[in-house]
Amino acid sequence: MDQYDVVVIGYGPCGQMASLQLAQAGHRVIALERHPQLYGLSRAGHVDDEIMRTLQRVGAGEEFREDAVAWELYDMRNKAHGGDLLMSLDWSQIGPHGFRGHWIFYQNNLELALDHRVRALDNVEVHMNHEVIEIDQDVDGVVVRYRDRKSGSEHTIRAAYAVAADGANSFVRERLGIKTTEGNLGPLQLVIDTVQKRDLQFEFDNGQFADPERPGCLFQLGKSHRRWEFTLLPDEKPEDFTLDRVWELLEPWVTPEDVEVIRHPVYQFRESMTDEWRRDRIFLIGDAAHILWPFAGEGMCNGLRDASALSWRLDLVLRGLADASVLDSYEGDRKPNMQGWTDLSREIGLPCIITDPEAAAQRDQFLMAAMKDPSLMPPWPALPGPTAFSRTGDPLAGAPAVQGQVSKGDKVGLFDDVVGRGFQLIAIDSAVLDDLSADNCEFLDSIGATIASVGKDQAATVNDEEGTYATWFAEHGRVAVLARPDFYLWGSASDASDVNTLIDDFRSALSGSPVPAATAVTS
């Protein structure tokens with residue numbers, strides 16, 4: 001039977017991202033998708049700066065940005081037309097990953113951008129209209145049997161590992177008997193996706209109208225599509241929302257002369273989390289592992305984080321550069337962070353869908369008071385970072401690895417483009433790296449790591465164009481950091497003498513050995 005390094009089951013954005021990162025790392029990948037073509041209907045509509053950096057990493061960012069729109073302002077009002085402003089958030093700022101913090105897009109265009117990158121590689125196969133009908137594993141690998149849904153022919157392949165990105169109704173999860181823990185159920189929500197027939201401008205756009213008589217929202221989906229959502233009231237049923245009813249709801253904004261309705265499903269907000277994200281050589285990512293309410297716009301984003309967190313681990317293990325125990329930390333890294341996003345999405349959503357007039361009035365009173373006095377608003381919660389595979393006791397373990405504008409010779413741009421991707425050892429001063437041992441340099445080279453000093457002096461590898469790194473290192477009192485390929489810090493060094501110890505500890509962690517307590521950072 002044909003042999004692969006990884007079989008990816010499901011070819012939505014998460015499966016595409018896993019296939020792409022693993023194939024770009026040089027591994028032989030096969031992706032199996034039961035649908036005959038890319039899904040074609042948008043579900044996700046928002047990505048953040050971290051995901052923009054991920055798209056930059058795999059080479060899909062430029063094509064994605066051709067249709068995506070940088071989100072300037074998020075407003076919340078208590079009526080769609082007129083009413084009071086309850087909240088206004090400036091989303092025009094650059095995030096820690098070097099891109100604007102929020103983008104709105106049409107999912108089909110994201111999938112096309114990723115698919116184009118995947119199909120440009122000769123070490124990955126994509127089989128559409130092929131359905132997995134059996135999966136099993138032994139100590140050496142995974143065996144998958146799948147069926148061509150057109151011809152009915154069946155095929156069996158073997159791979160070292162399997163990645164299940166086959167969605168909320170995951171066949172792989174059910175076949176393995178992995179249980180899910182269900183969370184909070186929300187109301188029913190009507191989602192209306194449209195394509196514009198002409199340019200549209202609204203006085204209130206890209207925000208939430210928290211009207212107790214009919215809560216909802218409206219957003220651009222890139223440059224040519226739009227979405228409206230309406231919360232169903234307690235006495236309404238999904239079947240009530242025919243196309244005629246949809247046009248009644250859209251009438252204050254548009255007519256059939258302005259947009260074409262592409263779809264108008266009704267679905268229910270729900271939460272779920274699998275009890276296991278891994279069963280030996282088979283891993284779950286995306287909706288196969290977790291579902292959350294949509295209000296933070298982070299459902300697909302977290303699936304792409306899963307793909308990135310898993311791919312670099314599989315890459316190192318497949319290349320013999322890390323012990324297989326490194327894979328044990330995948331769930332420990334991702335699950336606490338995912339639970340944090342689940343809780344945050346629910347907390348953001350609950351005030352938006354209030355249908356009780358008295359409760360809505362109390363909400364409005366508080367939010368309008370908080371606009372006048374921002375200290376009344378509770379602080380944004382700190383979500384757990386990925387620390388299951390990180391340096392013990394390090395104060396920056398699991399923190400985002402910032403990216404700023406740098407220059408090297410005539411080349412100016414974001415750090416990853418100018419200097420390099422993958423693992424990154426970044427120092428604030430070239431002298432910090434002077435005593436890095438030859439053995440550690442050789443090791444870092446073996447895993448494809450980038451070594452760079454960022455500063456204003458001539459000895460620096462690259463120039464810190466906007467002072468991003470100088471400010472960040474000074475704020476945290478560190479002199480060097482070791483970043484993972486998924487843009488989170490494995491650890492940091494307190495001074496030049498700690499840099500070799502940092503790399504020694506990292507090598508020990510990759511080998512499956514415990515990091516000696518004497519080398520743990522305590523400050």
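**Figure 1. Helix α1 and the glycine that follows.** In this predicted model, helix α1 comprises the 12 residues 13–24, which at 1.5 Å a residue should span 16 Å; the C-alpha atoms at its ends are 16 Å apart, so the two values agree. The helix is mostly covered, with 11 of its 12 residues buried. Among the buried residues are P13, C14, G15 and Q16, together with M17, L20 and L22. G26 follows α1 and has a positive phi, near 100 degrees.

Figure 2. Helix α7 runs through residues 299–318 and has 20 residues. From its first C-alpha to its last it reaches 29 Å, close to the 28 Å expected at 1.5 Å a residue. Of these 20 residues, 18 are buried, and α7 is thus described as mostly covered. Just after the helix, G320 adopts a positive phi of about 75 degrees.

**Figure 3. The loop that holds N129.** N129 is located in the loop between strands β8 (124–128) and β9 (130–137). Although N129 is not a glycine, its phi is positive, at about 65 degrees. The relative accessibility of N129 is 17%, and the residue therefore counts as buried, the cut-off being under 20%.

**Figure 4. The loop that holds F487.** F487 is found between β28 (480–483) and β29 (489–493), in the loop that links these strands. This residue is not a glycine, yet F487 has a positive phi of about 75 degrees. With a relative accessible area of 6%, F487 is buried.

Figure 5. L376 counts as partly exposed because its relative accessibility is 42%, a value judged against limits of 20% for buried and 50% for exposed.

Figure 6. D457 is placed in the loop between β26 (450–455) and β27 (462–464). The relative accessible area of D457 is 36%, so this residue is partly exposed.

Key: Residues numbered from 1 in each chain as written. Predicted model: local features only at pLDDT ≥ 70, side-chain atom pairs only at ≥ 80, totals over all residues. Heavy atoms only, no water. Helix = DSSP H or I, 4+ residues; strand = E, 2+ residues; numbered from the N terminus. Buried < 20%, exposed > 50% of the residue type's maximum accessible area, 1.4 Å probe, protein only. Expected span 1.5 Å × (residues − 1).
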